[in-house]
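Visitor: Could you take me through the aromatic contacts and the nonpolar packing of this model, step by step?

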Amino acid sequence: MGRAYQNRKESIAKTANAKSKVYSKYGREIYVVAKSGGADPDGNLTLRGLIERAKKDQVPAHVVEKALQKATSGAGEDFSPARYEGFGPGNCLVIVDCLTDNPNRTIGDVRQCFNKVKAKIGTSGTVSHMFDHCAILVFAGDDEDAVLEALMMADVDVTDVEQEDGKITVFAPHTEYFKTKQALTETFGDIDFEVDTIQFVPQNTVEVTGDDVAQLERFLDMLNDVDDVQNVYHNAEY
């Protein structure tokens, strides 16, 4: 699990510069979550976690406030989630998560990215079964046994707990995100989470080499430039 997550982190770093629209992507997701579950973070745990992650990614407060105001005013678009799966350069597995107000436009834009690098988009479920949908929490610490015990006492269905370089990494099913975070904060106090996210982590990785590396990077850049794309996950190691 940790190895796959480390590969994922390195892949994010390689494509971070392509995500120039990160503010608008956070704004869109905050708007959708606030509109569906309420704009009060105290009563909408999904929103609270999302705002905390936005702060970690240095999203300005005015971006968050604007999205919340838009959600409470009743104005704005009706966005819905869309997920596309397929095979990228080097035969790596790819999941593309979107929020869209026009599914026909979005799938057309995503399919075009696949086509331009001669990749293959598949149907729902084509590759997602090869990923674990995980809550991931990373914070400073060195006693993984104490963390595991606290989670088990709180009846959290924890997947894995790892300790490395003075940091604890907790993996749990995405459905256990809030329960996991609450158990940790109640046991260890006000934790400063270095990583606080829900994402798809590949069960296995595939090494991408040669010309496929440049194609993969081009592919990821194109996907991240699509307005409707929120996150891209893959199992490539390069």
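Guide: Rings of Phe, Tyr and Trp (its six-membered ring) pair if their centres lie within 6.5 Å, with planes under 30 degrees apart counted as stacked, over 60 as edge-to-face and the rest as tilted. This is a predicted model, in which local features need pLDDT of at least 70 and side-chain atom pairs count only at pLDDT 80 or more, while totals for chains, interfaces and linings use all residues. Residues are numbered from 1 along each chain as its sequence is written, and side-chain values use heavy atoms, with hydrogens and water left out.

Visitor: Which residues do ring pairs link into a cluster?

Guide: The rings of Phe131 and Phe200 have centres 6.4 Å apart and planes at 90 degrees, so they form an edge-to-face pair. Ring pairs link into a cluster Phe131, Phe200 and Tyr233.

Visitor: At what distance from the ring centre of Tyr31 does Lys70 lie?

Guide: Tyr31 is buried, and a charge sits over a ring if NZ of Lys or CZ of Arg is within 6 Å of the ring centre and within 35 degrees of the ring normal. Lys70 lies over the face of Tyr31, and its distance from the ring centre is 5.1 Å.

Visitor: Which residues touch the most other members of the largest nonpolar core?

Guide: A nonpolar core is a set of buried Ala, Val, Leu, Ile, Met, Phe, Trp, Tyr and Cys residues joined through side-chain atoms within 4.5 Å. The largest has 21 residues, and those touching the most other members are Val96, Val110 and Phe219.

Conventions
Buried means under 20% relative accessible area, exposed over 50%, partly exposed in between (1.4 Å probe, protein chains only).
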